[in-house]
Amino acid sequence: MRIVHFDVPECDNGISALKFLKRRGFSARLVTKLKSTGGLTRGGSILRSIDAVFTGERIDVTLPDGDTLEPNPDLYAAVAYEDEDVVVFDKPPGLPVHPSGGHYYDTLGNLFAAMYTGVTFRPVSRLDRDTSGLCVCAKNTLAAARLAGKVDKVYYAVIDGEILQSGEINAPITRESDSIIKRCVREDGKPAITLYKPIRHANGKTLLEITLVTGRTHQIRAHFAYIGFPLCGDDMYGGDCSEITRQALHCGKVTFSAPISGEQIMVESSLPEDIAKLFGG
């Protein structure tokens, strides 16, 4: 159970507890839940959302726990960073993030449930099953709300062929008409922008550093297939699978502000062995 303390500054003197909390990233839904659980107090006494707060007071918030997945302690993903509110896993390829059809007990969520008893699994950055790298997960509702849409990610991908200059792919993405999974570029799709920079050439391949302006499903995979350079190992989008059997895509860097302190956090992950081998590493 996470207890967070907030001191009321002079600029918030006399405002309602609800307004005070909303200024700190609390949703109205979370405030309602705090009321029902008695999780909002001042000086040991229950604080109502309509009550005024005053300069110098300390407001204590006990963040509620929620539903959890079935724990599976036999799974493994390295922890690249952790504090009271956030854990960043370095996810191996082949490990789904969420339970879904055929994967009810072998996901990152099941590992999280085994590591953090009674804590709801809240991934705020997600990866495809066969994409490796950093996955940011919040340990409570406040951290999830403050991190939503505010995690900057850098990906690394390998394509078969040479891309010599940095560039941008600006092409709308939608679901392929005959598939529930595959995406494609089509005029009726949602706007999607991918930025890329070549950082290494070897063995007829290019290692790219990629950032996303938008975050569409399969955006990197669909965009590079669209320009004629599908990712190595990506059989869904026409990639060469002779040297690697999953898409050569890795989330290698994440940057975010710590939900409570505001400290800037940067976490990095090295290329996994199967991608490094494409360059003789």
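What volume does the largest pocket have? About 1,200 Å³. Before more on that, the ground rules. This is a predicted model, so to speak of local features we need pLDDT of at least 70, side-chain atom pairs count only at pLDDT 80 or more, and totals for chains, interfaces and linings use all residues. Residues are numbered from 1 along each chain as its sequence is written, and side-chain values use heavy atoms, with hydrogens and water left out.

Now, the terms for pockets. We work on a 1 Å grid over the protein atoms alone; a pocket is an open set of points where a 1.4 Å probe fits, with protein on both sides within 12 Å along at least five of seven lines, and lining residues have an atom within 4 Å of a point. Grid points are joined across faces, edges and corners, and the volume is the space filled by probe spheres set on the points.

Back to the largest pocket. Its lining has 42 residues. Nearest the centre are Arg126, Leu127, Asp128, Thr217 and His218. By class, the lining splits into 14 nonpolar, 16 polar and twelve charged residues. Here Ala, Val, Leu, Ile, Met, Phe, Trp, Tyr, Cys and Pro count as nonpolar, Asp, Glu, Lys and Arg as charged, and the others, Gly among them, as polar. β9 (152-160), β14 (205-212) and α5 (219-226) each supply at least two lining residues. Helices (H or I, at least four residues) and strands (E, at least two) are DSSP runs, numbered from the N terminus.

Next, the second largest pocket. It holds about 220 Å³ of space. Ser27, Arg29, Leu30, Lys33, Arg122, Thr141 and Ala145 line it. Two are nonpolar, two polar and three charged. Which helix gives the most to this lining? α2, with three residues.

So let's stay on α2, residues 28-37. Its buried residues are Leu30, Val31 and Leu34. They cover an arc of only 100° around the axis, which puts them on the same side of α2. That arc is taken over the directions from the helix axis to the C-beta atoms. Buried means under 20% relative accessible area, exposed over 50%, partly exposed in between, with a 1.4 Å probe and protein chains only. The face turned away carries exposed Arg29, Lys35 and Ser36. On the buried side, α2 packs against α1 (17-22), β2 (40-42), β4 (58-63) and α4. After α2 comes Gly38, with a positive phi near 70°.

On to α3, residues 108-115. Six of its eight residues are buried, so α3 is largely enclosed by the rest of the structure. Those buried residues pack against β6 (86-91) and β8.

Now the cores. A nonpolar core is a set of buried Ala, Val, Leu, Ile, Met, Phe, Trp, Tyr and Cys residues joined through side-chain atoms within 4.5 Å. The largest has 44 residues; Phe89, Leu108, Val136, Phe224, Val254 and Phe256 touch the most other members. Strand β8 (132-138) gives the most to this core, with five residues. Apart from it lies another core, of 18 residues, among them Phe6, Val8, Ile15 and Leu30.

Last stop, Gly189, in the loop between β12 (183-185) and β13 (193-202). Is Gly189 buried or exposed? Buried, at 18% relative accessibility. Leaving out residues up to four places away in sequence, Gly189 touches Pro172, Ile173 and Thr174, where contact means heavy atoms within 4.5 Å.
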